[in-house]
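Dear colleague,

Please find below the structure that I am handing over to you, together with its sequence. My notes on what was found in it follow directly after.

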Amino acid sequence: MSQLTGGPSDGETDRTGQAGQAGQTARPGEPEGAERWRGVERGLLRMRRTLLTAVSVPLVAVLGPVLWLAAGPWWAVLAAAPAAAALWGWRAIARNWASWRYAERDDDLLIARGVIWRELTVVPYGRMQLVEVTSGPLERHFGLARVQLHTAAATTDAHIPGLAPEEAERLRDRLTELGEARSAGL
């Protein structure tokens with residue numbers, strides 16, 4: 001299993017460089033009992049950084065000269081603020097990408113994300129009503145798909161972005177199969 005899409009197994013390391021064994025958590029702060037954590041594809045990082053660049057470069061390129069001509073050279077320095085925000089965003093996007101992971105357990109699916117506000121979503125297989133795989137034009141360009149989970153709860157926000165289309169389809173099929181098997185007992 002690759003470093004980018006899979007959790008560590010015997011002899012492998014995760015994105016943080018820590019070694020682990022299958023069935024054990026590899027990162028501090030992860031819940032105990034997780035079977036194996038998997039990260040999302042690196043294409044999600046590339047896609048988000050491309051979007052950041054596509055917005056910030058034209059903004060800075062237009063804002064600087066406009067401020068120079070309209071208000072003078074000292075005001076043109078304000079164009080550096082979006083550039084600084086873009087540099088900060090470049091690193092923040094990487095940290096957010098690294099925080100996304102999921103684990104399939106016997107009775108439920110765990111989805112973890114977040115850097116400052118960490119969130120762990122636990123979706124029992126028996127509560128799943130619908131599992132969707134979507135991929136917009138930009139996601140398709142970067143070879144990505146998104147798995148969206150729907151349960152009876154109206155506030156369910158369980159989704160996993162940035163998966164390879166094959167992995168998204170595999171996950172959809174497995175979750176649908178497990179959901180049908182678990183809901184039969186309810």
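**Findings**

The structure holds zero aromatic pairs, where a pair means rings of Phe, Tyr and Trp (its six-membered ring) with centres within 6.5 Å, counted as stacked if the planes are under 30 degrees apart, edge-to-face if over 60 and tilted for the rest. Please note that this is a predicted model, in which local features need pLDDT of at least 70 and side-chain atom pairs count only at pLDDT 80 or more, while totals for chains, interfaces and linings use all residues. Residues are numbered from 1 along each chain as its sequence is written, and side-chain values use heavy atoms, with hydrogens and water left out.

**Salt bridges**

Side chains of opposite charge can pair when their charged atoms come close. Seven salt bridges are present in the structure, each being a side-chain nitrogen of Lys or Arg within 4 Å of a carboxyl oxygen of Asp or Glu.

One of them joins Glu104 and Arg174, at 2.4 Å from N to O. This pair links distant parts of the chain, with Glu104 in strand S2 (residues 101-104) and Arg174 in helix H5 (residues 165-183), 70 residues apart. Helices (H or I, at least four residues) and strands (E, at least two) are DSSP runs, numbered from the N terminus. Glu104 is buried, at 12% relative accessible area, whereas Arg174 is partly exposed at 32%; buried means under 20%, exposed over 50% and partly exposed in between (1.4 Å probe, protein chains only).

A salt bridge also connects Glu167 and Arg170, at 2.8 Å from N to O. These two residues are three apart in helix H5, and therefore separated by about one helical turn. Glu167 is buried at 16% relative accessibility, and Arg170 is partly exposed at 30%.

Which residues are linked in a network of salt bridges? They are Arg38, Glu104, Glu167, Arg170 and Arg174.

Arg172 and Asp173 form a further salt bridge, at 3.2 Å from N to O. Arg172 is partly exposed at 28% relative accessible area, and Asp173 is partly exposed at 44%.

**Helix packing**

The axes of helix H1 (residues 42-71) and helix H3 (residues 80-99) come within 10 Å and cross at roughly 175°. Axes are lines fitted to C-alpha atoms, for helices over the stretch in contact, and angles run from 0 to 180 degrees between N-to-C directions. Contact means heavy atoms within 4.5 Å.

**Two strand residues**

Thr151 belongs to strand S6 (residues 145-151) and is buried at 16% relative accessibility. Beyond residues up to four places away in sequence, Thr151 touches Val123, Arg127, Met128, Gln129 and Thr156.

Glu132 is placed in strand S5 (residues 128-134) and is partly exposed, at 32% relative accessible area. Leaving aside neighbours within four places in sequence, Glu132 is in contact with Arg146, Val147, Gln148 and His150. Glu132 and Ala168 are 36 residues apart in sequence and 9.1 Å apart in space, C-alpha to C-alpha.

With kind regards
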